[in-house]
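Thanks for coming. Please have the sequence and the structure in view.

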Amino acid sequence: MHIPKKGLRALCNAESYAGREHSTLAGIVMRKDLITDGCAFSRVTVGGMDATDGILRIVHTLGRRDINVILLSGCVIAFFNIIDPGRVFECTGLPVICVTYEESAGLEGDIRHHFPGDTARLDAYRRLGTRTPHILPDGQTMYLRSWGLDPADAGLLCTAFTCDGKTQPSRR
């Protein structure tokens, strides 16, 4: 991938759920000049293990050959529904970057608490690996995991697709 390329496109994914059963995934195709160039939606089960399939449905629905990278806003969504970015990379051939916005000790304890005995979910979380801090030009820090490209290039792409600041965590 030629990162300085002006026509680079990312499929940026995020989710939101308000109900108890399903969460909506949104996939937005964004050009490097920050122009939105397409979108698709999918649904996943809150507390399920179908998040990876939801991301792959968005890629399939869009049917785009000009997407260069997939950006995920978190790998653990919809009440511990864990995305497998390695599988997304293998199925699409596109590099995947998972972005989070806060430093944390991890979610193993929460997974054990909410899903006692669910070793498959715990193993899926552990396979995500560690996060690499990336400091944006304005000093904000985001935390990255990447598949199909090295962490330095993942950081360059995140900088290119961040207009200013970072996504702010919700205030409780």
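In this predicted model, a disulfide joins C75 to C98, with a distance of 2.5 Å from S to S. A search of the whole structure finds 1 disulfide. The two cysteines sit in distant parts of the chain, 23 residues apart: C75 is in the loop between β4 and β5, and C98 is in strand β7, residues 96-100. Are these cysteines buried or exposed? C75 is buried, at a relative accessible area of 2%, and C98 is buried as well, at 1%.

Now the other cysteines. C91 is in no disulfide, and its nearest cysteine sulfur, that of C75, is 15 Å away. For C158, the closest cysteine sulfur belongs to C12, and at 9.1 Å it is too far for a bond. C158 is also buried, with a relative accessible area of 3%.

Next, the charged pairs. The count comes to 10 salt bridges, and I will take three of them.

R64 and D37 meet through their side chains, 2.9 Å from N to O. This pair links distant parts of the chain, 27 residues apart, with R64 in the loop between α1 and β4 and D37 in strand β3. Both are partly exposed, R64 at 26% relative accessible area and D37 at 27%. They also belong to a network of salt bridges that links R9, D37, R64 and D66.

R87 forms a salt bridge with D53, the closest N and O atoms being 2.7 Å apart. R87 lies in helix α2 and D53 in helix α1, so this bridge ties together parts 34 residues apart in sequence. R87 is partly exposed at 32% relative accessibility.

Because E108 lies in helix α3 and R126 in helix α4, the pair ties together parts that are 18 residues apart in sequence. R126 counts as partly exposed, at 40% relative accessibility.

That brings us to α4 itself. Which residues of helix α4 are buried? In this helix, residues 119-127, they are R121, L122, A124 and Y125. They cover an arc of only 160° around the axis, which puts them on the same side of α4. The face turned away from that side carries the exposed residues T119 and R127. Among the elements that cover the buried residues of α4 are β5, β6, α3 and β9. Just after α4, G129 takes a positive phi of about 80°.

Definitions and conventions: Residues are numbered from 1 along each chain as its sequence is written. This is a predicted model: local features need pLDDT of at least 70, side-chain atom pairs count only at pLDDT 80 or more; totals for chains, interfaces and linings use all residues. Side-chain values use heavy atoms; hydrogens and water are left out. Buried means under 20% relative accessible area, exposed over 50%, partly exposed in between (1.4 Å probe, protein chains only). Helices (H or I, at least four residues) and strands (E, at least two) are DSSP runs, numbered from the N terminus. The arc is that of the directions from the helix axis to the C-beta atoms. Contact means heavy atoms within 4.5 Å. A disulfide is a pair of cysteine sulfur atoms within 2.5 Å. A salt bridge is a side-chain nitrogen of Lys or Arg within 4 Å of a carboxyl oxygen of Asp or Glu.
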